[in-house]
Amino acid sequence: MARTESKIRALGWPLPAAELPNVVSAAPFSLRSMIGRPAVVAFICNHCPFVKNLKPALAEFGRYCAAQGVNLVAISSNDVSNYPQDSPEKMREDAQEQGYSFPYLFDDSQAVAKAFDAACTPEFYVFDSDGLLAYHGQFDDSRPNNGIVPSGSDLRAAVDALLQGERPNAVQKQSIGCNIKWKN
């Protein structure tokens, strides 16, 4: 399993305007529709061991966000011609199996991943109510086989800070995961 770190993204960067299909509802979803409340954008996929490690905790985090009025979406941008397990059909099956309560979006062109400068799965971006980046980093310190139970502690702390009218800690740990599978 290849370990890739997320790139550094300057805080205060604006949420990109993009519309992607939600594989669960088959309806288009506009990222800009999330402005007005704190929002989380997660780059994930079905097959990455780093993502598989935290799927149940991510589903729980999704329920927490919904209860707090925080928008959460997940995006898969992998090349499905070489990674068919990340196809929209498989994404829909995985979302249902995991009990995701949030939209799971498919970025077939990979333009949205490029707009975010996303590098790996999982990778997380938290935006404030004005649509400005307040956190970019890891879910928590858990990794496959490191013995730490996934909790989402880093991501939850960032969301909780915004909900309390504060800024997340400026010291943010980069995500580590599988590289996004770019098209040739």
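Me: Is Ala26 buried or exposed?
Reply: Ala26 is exposed, at a relative accessible area of 69%. Exposed means over 50%, buried means under 20%, and partly exposed is in between, with a 1.4 Å probe and protein chains only.

Me: What kind of model is this, and how are residues numbered?
Reply: This is a predicted model, where local features need pLDDT of at least 70, side-chain atom pairs count only at pLDDT 80 or more, and totals for chains, interfaces and linings use all residues. Residues are numbered from 1 along each chain as its sequence is written, and side-chain values use heavy atoms, leaving out hydrogens and water.

Me: Back to Ala26. Where is it?
Reply: In the loop between β2 and β3 (28–30). Strands (E, at least two residues) and helices (H or I, at least four) are DSSP runs, numbered from the N terminus.

Me: What about the phi of Ala26?
Reply: It is positive, about 65 degrees, although Ala26 is not a glycine. Most residues other than glycine have a negative phi.

Me: And Gln110, what is its phi?
Reply: Near 70 degrees, again a positive value in a residue other than glycine. Gln110 sits in the loop between β6 (104–106) and α3 (111–116).

Me: Buried or exposed?
Reply: Gln110 counts as buried, at 1% relative accessibility.

Me: Now the peptide bond from Thr121 to Pro122. Cis or trans?
Reply: Cis, with omega near 0 degrees. Most peptide bonds are trans. Pro122 lies in the loop between β7 and β8.

Me: Which strands make up the open sheet?
Reply: There are three, in the order β1-β10-β7, and the pairing is antiparallel. The edge strands are β1 and β7, each pairing on one side only. Two strands pair if DSSP finds at least two bridges between them.

Me: How many bridges join β1 to β10?
Reply: Two, between β1 (residues 4–5) and β10 (residues 176–179). Glu5 stands opposite Ile176 in β10.

Me: And β7 to β10? How many there?
Reply: Two bridges as well, with β7 covering residues 120–121. Cys120 stands opposite Asn179 in β10.

Me: Which helix packs on that sheet?
Reply: Helix α1, which touches β7 and β10. Its direction makes about 130 degrees with that of β10. Axes are lines fitted to C-alpha atoms, for helices over the stretch in contact, and angles run from 0 to 180 degrees between N-to-C directions.

Me: How do α1 and α4 pack?
Reply: Helix α1 (residues 49–68) and helix α4 (residues 153–163) pack at about 5 degrees, with axes 12 Å apart. They are therefore roughly parallel to each other. Angles under 35 degrees count as roughly parallel, over 145 as roughly antiparallel, 65 to 115 as roughly perpendicular, and the rest as oblique.

Me: Which residues make the contact?
Reply: Phe61, Tyr64 and Gln68 from α1, and Leu155, Arg156, Val159, Asp160 and Leu163 from α4. Contact means heavy atoms within 4.5 Å.

Me: Where does the charged end of Arg156 sit?
Reply: Over the ring of Tyr64, 4.0 Å from its centre. Lys181 lies over the face of Tyr83, at 5.7 Å from the ring centre. A charge sits over a ring if NZ of Lys or CZ of Arg is within 6 Å of the ring centre and within 35 degrees of the ring normal.

Me: How many aromatic pairs are there?
Reply: The structure holds 11. One of them is Trp13 with Phe127, a tilted pair at 6.0 Å centre to centre and 40 degrees between the planes. Rings of Phe, Tyr and Trp (its six-membered ring) pair if their centres lie within 6.5 Å; planes under 30 degrees apart count as stacked, over 60 as edge-to-face and the rest as tilted.

Me: What does the pair of Trp13 and Phe127 tie together?
Reply: Trp13 is in the loop between β1 and β2 (19–21) and Phe127 is in strand β8 (residues 123–127), so the pair ties together parts 114 residues apart in sequence. Both residues are buried. Ring pairs also link Trp13, Phe43, Phe116, Tyr125 and Phe127 into a cluster.

Me: Last one. What is Asp94 in contact with?
Reply: Asn46, Lys55 and Tyr100, leaving aside neighbours within four places in sequence. Asp94 lies in helix α2 (residues 88–98) and counts as buried at 7% relative accessibility.
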